[in-house]
Amino acid sequence: MNMLTVSPSPHVHSGDSVKKNMYGVIIALLPAFAASLYYFGIGAVIVSLTAVLSCVFFEWAIQKFLLKKETSIMDGSAALTGLLLAFNMPSNLPIWIIIIGSLVAIGIGKMSFGGLGNNPFNPALVGRVFLLISFPVQMTLWPKPIVSQMHYLDAETGATPLSVMKEGLANGETVSALMDKIPSINELFFGAMGGSAGEVAAAALLVGLIFMLLKKIITWHIPVAVLGTIAVFTGILNLVSPELYAGPLFHLLTGGVMLGAIFMATDYVSSPMANKGMIIFGIGIGIITVVIRVFGAYPEGVSFAILIMNGFVPLIDKYVKPKRFGEVVKTANA
Amino acid sequence: MLKTFSLGGVHPAENKFSAGKKIEALPIPEQVSVPIAQHIGAPSEPVVSKGDEVKVGQLIAKSSGFVSANIHSPVSGKVFKIDDILDTSGYKRKAIIIKTDGDVWDENIDRSDDLVTDITASSEEIVKKVGEAGIVGLGGATFPAHVKLSVPPGKTCDVLILNGVECEPYLTADHQLMMEKGDEIMVGTQLLMIALKVEKAIIGIENNKPDAIKHMTDLASKYQGITIQPLKVQYPQGGEKQLIDACISRQIPSGKLPIEVGAVVQNVGTTLAVYEAIQKNKPLFERVVTVTGKSVSNPSNFLARVGTPLNQLIDAAGGLPEDTGKIIGGGPMMGKALTSTEVPITKGSSGILIMPEEIAKRGKLEPCIRCSKCVSVCPMGLSPYLLSTVSDKAIWDRAEEEKIMDCIECGSCSFTCPANRPLLDYIRLGKGKVGQIMRSRNK
């Protein structure tokens, strides 16, 4: 008779793996990738490829030469960080800047904390914000959609709806006048606007969300909390003063809100562990995003909002616990 | 919308290979080894010695306290010896070994198949007889039934819930019992209702057994106060706490027993044993065991005498497959991996699951990615990732604070973890240690 394995229960496994989840998110990003190819063409390809390859390379190199331990690049998390980083950049960003961003994202944002599972901040956002602050000009020149299909560094650039709205309002123009200057809501939904490579097409990102929900990669709590909060907050502002504050649809469909709510805030490692905690996390992100957008100096606030809330996650996890069995007591003997 | 319990749960592949296989009585073994510790509570004390002649159903070991159980001989023959043998626990423990001679039963036992529906016993008599018959929970927990039926002073019981759920994958013994012995189970239910002095009984059955739901519903219409509750398939619905929540939406508070919410739960197999004990004077010495597995050639439901060596059941199911990697006593989620095929069947042996080599080992261990899937599947609303970490780092006061003692060890967390982390292993370690600390504190 063969040797019998004697291990503790359970003796079966769901078959889920880290790899499946990481590649699942990458698949969920494919519609947005297709949209970025359509709007930004060659630039999107170069930026995405560079970011993914350099992220994977840096993780491999750091693990092999600095940490001297087994590589984990096959689990897909470095590739995912690369893809998300690329989606947060303009499609005409020079290669050397992309590589620096990848080094910061993986080296500082992930590996310095101990690798996958230990990073308190979303690595792709660490990379992105570092680049935004270090290279403010290059990181805010947005290629125009469609016309930049065949161009990379020489892509024609223009303002994004968010920057049009921000500067216009600062100049005293009204919301309704400015809404005429930017693409229609329909066009915004499908992505015909300037912006980062992966953030423009809300429709494509929503398809990705549905895929991830069906595959049980993420739950609805964080995206709904972020988007809901932004909608409610800007809705209230818009009701109070419709010509000073743009409405919810504008805010939901422009800038990095969709990408942030669906793919960045939902990063496993840097988000809370209990459903209630996730909702608080999402609400915090929504509030900070709107405050920065409406009252702050930057036209876009999602990246900062997520990073700030990432910092609060250990506190949230400590005090906000999942709903326990037996908490609501209905007894016959009480 | 089918009812189910409110928090967490998983749905492992059902693999009910032996479903629909009629219960087959195995030939009587040549020798049985009857462990004296087959139940929760104190081991029983033998009342026979080497050389004694015994009959089927004769008392061979008696209960040694309130939470203990009588043990009766499963065969007729001569007591060969009382010795320590390897049993399903993995350790060597005391057992009464009997060499079989014929099949002579105790004269008081009614061996006919007629359904006896008249109930003359009173509530106290039923509880007493259940204890005398050595009945323990046959779902696998083996808790002495007469203790469960003795409602402590100050508590009231208003509903009896029967577990016909069989939520573990692969196992089909309870399913067959409901199909083949439905009437007897109904009378057993009535006996339990009298014992507990309740007017309501609910039998929970998962809807992957539509024939059992239909059959039992038809039967229940003939009896007063018994209803069938179809339930959505979800593991671990058979756990007492989850079953009560699913059937009557009451959640037992932390650290308390089902009687706290006015309910008592019994497995359908246990209920059948109660019928046989009261109506047929037959004590508990045999049970239905599912023998199954992907490579098993004849997956079946066998009626086997307690003390039968495992290999006899495995042979009857077509023999031990070539690619066997693991043999599990019980189901795949909570069963115990066994070390040998010579160990005996006990009252708690609900199934024997033979796993092929390829799935006998765990996947590669990876670091925790904080995906929180373990939290979302825990039926008790705990945080397995946290309990596992604090147990690993021996932070016992934190473990107690985070309610590690509420864990029912169902295995849903380890089952789900994408990083193959041994969550339940560490939680069990933590529970053992924290339990020890709590007990020494109360001294």
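Where in chain A is confidence lowest, and where is it highest? This is a predicted model, where local features need pLDDT of at least 70, side-chain atom pairs count only at pLDDT 80 or more, and totals for chains, interfaces and linings use all residues. Residues are numbered from 1 along each chain as its sequence is written, while chains are lettered from A and ligands numbered from 1 in the order in which they are written.

Back to the question. Confidence is lowest in helix H8 (residues 185–190) of chain A, with a mean of 84. It is highest in helix H4 (residues 95–108) of chain A, at 97. The scale is pLDDT, the predictor's confidence in each residue, from 0 to 100. Chain A has a mean pLDDT of 92, and 98% of its residues reach 70 or more. Helices here are DSSP runs (H or I, at least four residues), numbered from the N terminus.

Next, a helix pair. H10 (residues 221–240) and H13 (residues 275–295), both of chain A, have axes that come within 7 Å and cross at roughly 40°. The axes are lines fitted to C-alpha atoms over the stretch in contact, with angles from 0 to 180 degrees between N-to-C directions. H10(A) and H13(A) are therefore oblique to each other; that term covers what is left after under 35 degrees (roughly parallel), over 145 (roughly antiparallel) and 65 to 115 (roughly perpendicular).

Now chain B. Its domain assignment, automatic or from a database, gives domain 1 (1–25 + 109–361), domain 2 (26–100) and domain 3 (373–441). The C-alpha centres of domains 1 and 3 of chain B lie 27 Å apart.

Note on methods: Helix = DSSP H or I, 4+ residues; strand = E, 2+ residues; numbered from the N terminus.
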